[in-house]
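Me: I've just opened this one and could use a quick tour. Can you walk me through a few spots?

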Amino acid sequence: MDIEKIRKDFPILENTNIIYMDSACMSLRPVQVIESMEDYYRNFPACIGRSSHKLGNKASLEFEKARERVKNYLGAKNAKEIIFTRNSTEGINLIARTLRFGEGDTVITTDREHNSNLLPWQELIKRRGIVHKVVPSNEEEKFDLETLKEIISKTDKVKLVSVVHTSNLDGYTLPVGDIIKISHEHGALVLIDGAQSAGHKPVNLKELDPDFFVMSSHKACGPSGMGCLYVRESILEKLEPFLVGGGTVYNSWYDKANYEELPLRFEAGLQNIAGAIGFGVACEYIENIGRENIKKHEENLNKILTEGTEDIEGLEIVGLRDYRERSGIFNFNLEGINSHEVALLLDNIKNITVRSGMHCLHSWFNSRGINGSVRASVYFYNNEEETEILVESLKGIARLR
Ligand SMILES: Cc1ncc(COP(=O)(O)O)c(C=O)c1O
């Protein structure tokens with residue numbers, strides 16, 4: 001992996017001296033993605049799936065090519081199983097609203113879910129009378145398969161197990177292969193929240209075999225307002241329609257309509273065509289770099305951050321301690337300084353962009369009585385020099401106390 005060559009693909013890294021370490025929130029986009037979207041707007045800015053003129057045909061072709069690229073990237077069996085959404089949150093809500101939940105149906109999650117995989121279930125408790133159970137982390141803050149087995153075997157009507165793949169708290173990757181196996185053995189469906197995993201490590205849905213998987217384009221070098229939901233084809237008939245209207249039916253009368261198959265049944269109205277095209281190109285871009293390479297690179301940068309800050313008095317890592325289990329996320333607190341203040345100092349003094357607060361994980365922070373943290377999240381375009389600058393900056397801030 002030639003990092004310095006890769007960095008040239010990212011205009012903001014070429015044109016400014018920013019040290020961008022907020023990729024868990026949103027990644028930067030390479031010029032290849034930006035140009036692919038511009039190409040649509042400049043050269044074939046037409047409707048898809050409706051008009052039979054040349055421009056429309058070209059747009060439809062590129063849109064479906066994008067779906068194929070995303071399908072290959074995730075290792076799904078069939079492009080039909082890839083539904084374009086606005087983001088991961090929409091994908092999870094789509095399942096919450098369409099999976100025909102009834103009174104007493106149970107949804108199991110972990111205790112480290114992003115609000116996007118928590119609030120949809122809280123709403124279903126109010127609307128449909130479902131039961132929500134949480135698998136607590138063990139003493140090491142890891143997912144405990146034995147606890148899952150115990151909860152799932154003692155609970156009737158577990159309809160869905162919905163878990164995060166890689167945590168946005170600390171980069172910890174859950175044993176989702178085992179979670180899927182155990183859940184299926186107990187007749188439950190499984191949704192994997194891949195918002196933080198899909199752009200960073202190899203994901204093969206054929207091997208993993210979940211029923212649903214969500215991904216955010218904007219965390220994987222693609223445009224914002226774009227994501228996807230994978231739905232196993234055989235589950236289609238278990239789902240109710242979601243948003244309905246143009247594009248979701250193949251025929252309608254004043255009193256009824258015939259719904260489309262996957263994925264069109266769930267893609268109502270005119271789609272984000274440029275977004276889908278950019279998403280597809282982003283998947284190919286990452287694939288060319290290689291997700292194994294990305295994983296190793298992030299681990300190396302996290303090693304520098306973790307070992308370099310070990311001697312800073314009062315620097316407390318949030319979540320798992322071992323950098324080998326934290327992907328590209330370095331989440332911490334500096335005793336005596338508020339997390340927002342640390343983030344502002346890094347931004348204003350060194351142009352280092354990190355995130356502060358509760359990272360949409362309020363439930364986790366509240367349960368542990370922590371009122372926030374500073375999260376630096378690196379990606380393949382960060383280099384060692386940048387991580388060393390962050391280490392030195394934190395030493396400087398620590399001396400200010
Ligand atoms: C683990 C996790 N799940 C879900 C989301 C929500 O993603 P999106 O903004 O694409 O809806 C995020 C975003 O940070 C996340 O980190």
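This is a predicted model: local features need pLDDT of at least 70, side-chain atom pairs count only at pLDDT 80 or more; totals for chains, interfaces and linings use all residues.

Me: Which class, by number of residues, makes up what part of the shell around the ligand?

Reply: The ligand has 14 residues around it, and the closest are N87, T89, N168, A195 and S216. Sorted by class, that shell holds three nonpolar residues, one charged and ten polar.

Me: Are helices α7 and α8 roughly parallel or roughly antiparallel?

Reply: Helix α7 covers residues 145–154 and helix α8 covers residues 176–185; their axes come within 10 Å and cross at roughly 15°. Angles under 35 degrees count as roughly parallel. So α7 and α8 are roughly parallel to each other.

Me: And which residues of α8 make the contact with α7?

Reply: On the α7 side you'll find L145, L148, K149 and I152. By class, the contact has five nonpolar, one polar and two charged residues. The partners from α8 are D178, I179, I182 and S183.

Me: Is E141 buried, exposed or partly exposed?

Reply: E141 sits in the loop between β4 (131–135) and α7, and its phi is near 65°, a positive value in a residue other than glycine. A residue is buried with 20 or more C-beta neighbours within 10 Å and exposed with 12 or fewer. E141 has 19 inside 10 Å, so it counts as partly exposed.

Me: What is the peptide bond from L262 to P263 like?

Reply: P263 lies in the loop between β10 (257–259) and α10 (273–289). Omega for the bond from L262 is near -10°, and the bond is cis.

Methods
Residues are numbered from 1 along each chain as its sequence is written. A residue is near a molecule or strand if its C-beta atom, placed from the backbone, lies within 6 Å of it. Ala, Val, Leu, Ile, Met, Phe, Trp, Tyr, Cys and Pro count as nonpolar, Asp, Glu, Lys and Arg as charged, and the others, Gly among them, as polar. Axes are lines fitted to C-alpha atoms, for helices over the stretch in contact, and angles run from 0 to 180 degrees between N-to-C directions. Helices (H or I, at least four residues) and strands (E, at least two) are DSSP runs, numbered from the N terminus. Angles under 35 degrees count as roughly parallel, over 145 as roughly antiparallel, 65 to 115 as roughly perpendicular and the rest as oblique. Two residues are in contact if their C-beta atoms, placed from the backbone, lie within 7 Å.
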